[in-house]
Amino acid sequence: MTLRHEPDISSADWFVRAEADWQTLAGQGPPGFEAYATVRFDDGESEHYRSDDELMAIVVALAAQHTRTPEDVFFGLWDGWGELTDQGRVFSVVRSNWLRDLWFRPTPPRNRPAFRAEVTDGPRVDLRGKRAYLLFRGPARDVGVWGAADYAPDVERTLPPASITWPADHAWFIAADVDDDGLCVGGSQRLVDAVLSHPDLAAEPAAYGDVPDSDHEDR
């Protein structure tokens, strides 16, 4: 199954209207949870490297055990990722004969957008003009299954993980801002303890509001 686009962005009002500055909301989610923890993404040169998607999936699977609505979870995808559109004329090799064609047609092939126009041109969750997200919805187990179109029949499109994730009952929130090298989980102490003790996660407790401004430049 794939996540479905959610055009009703009012489901995110509790997040965007929360009483905190936008940097903290983007990096840690809304205030008021019992505890918070940060999880570092793997360094690209790590011997046992896991993609950001893999680590996000681990955290969401843990969090799904701490909500009454694991079948109804919201996922916000930052709308600034280049992978979402063709970026005009993107220099990507989508056919084996692309370099040969370049001699006769000196413009690189256009990549197809990741989603239909009603998704990419649809309503966005607006975080005070600093971040905007396409909103998707589905069960926690479908984390990262965006249903995006491939670049070409033989070239898969992989999208980054969600920047904001929460269940319908607001039991927790996962923030992974685009400028950060990890994610932050806010929720019950039991959830945060599970994250901190998980053997596959580089996690540590976090104090809400402790987000360096330098890590959240306008993009």
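In this predicted model, Asp 126 stands opposite Ala 132 in β5. That pair belongs to the contact between strand β4 (residues 125-127) and β5, two antiparallel strands joined by three bridges.

**Pairing of β5**
- β4 and β5 form a hairpin with three residues between them, and Arg 128 in the turn has a positive phi of about 55°.
- Strand β3 (residues 73-78) runs antiparallel to β5 and is joined to it by six bridges; Val 73 stands opposite Gly 138 in β5.
- Strand β1 (residues 4-5) also pairs with β5 in the antiparallel sense, over two bridges, and His 5 stands opposite Phe 136 in β5.

**Burial of β5**
- Strand β5 spans residues 131-138, and eight of its eight residues are buried.
- One side of β5 carries Arg 131, Tyr 133, Leu 135 and Arg 137, and the other carries Ala 132, Leu 134, Phe 136 and Gly 138; both faces are covered.

**Nonpolar core**
- The largest nonpolar core has 58 residues, and those with the most contacts inside it are Phe 115, Phe 136, Trp 146, Ile 174 and Leu 183.
- Helix α3 (residues 52-63) gives the most to this core, with six residues.
- Leaving aside residues up to four places away in sequence, Leu 183 touches Ala 37, Thr 38, Val 39, Phe 41, Met 56, Val 59, Ile 174, Ala 175 and Ala 176.

Terms used: Residues are numbered from 1 along each chain as its sequence is written. This is a predicted model: local features need pLDDT of at least 70, side-chain atom pairs count only at pLDDT 80 or more; totals for chains, interfaces and linings use all residues. Side-chain values use heavy atoms; hydrogens and water are left out. Buried means under 20% relative accessible area, exposed over 50%, partly exposed in between (1.4 Å probe, protein chains only). Helices (H or I, at least four residues) and strands (E, at least two) are DSSP runs, numbered from the N terminus. Two strands pair if DSSP finds at least two bridges between them. A nonpolar core is a set of buried Ala, Val, Leu, Ile, Met, Phe, Trp, Tyr and Cys residues joined through side-chain atoms within 4.5 Å. Contact means heavy atoms within 4.5 Å.
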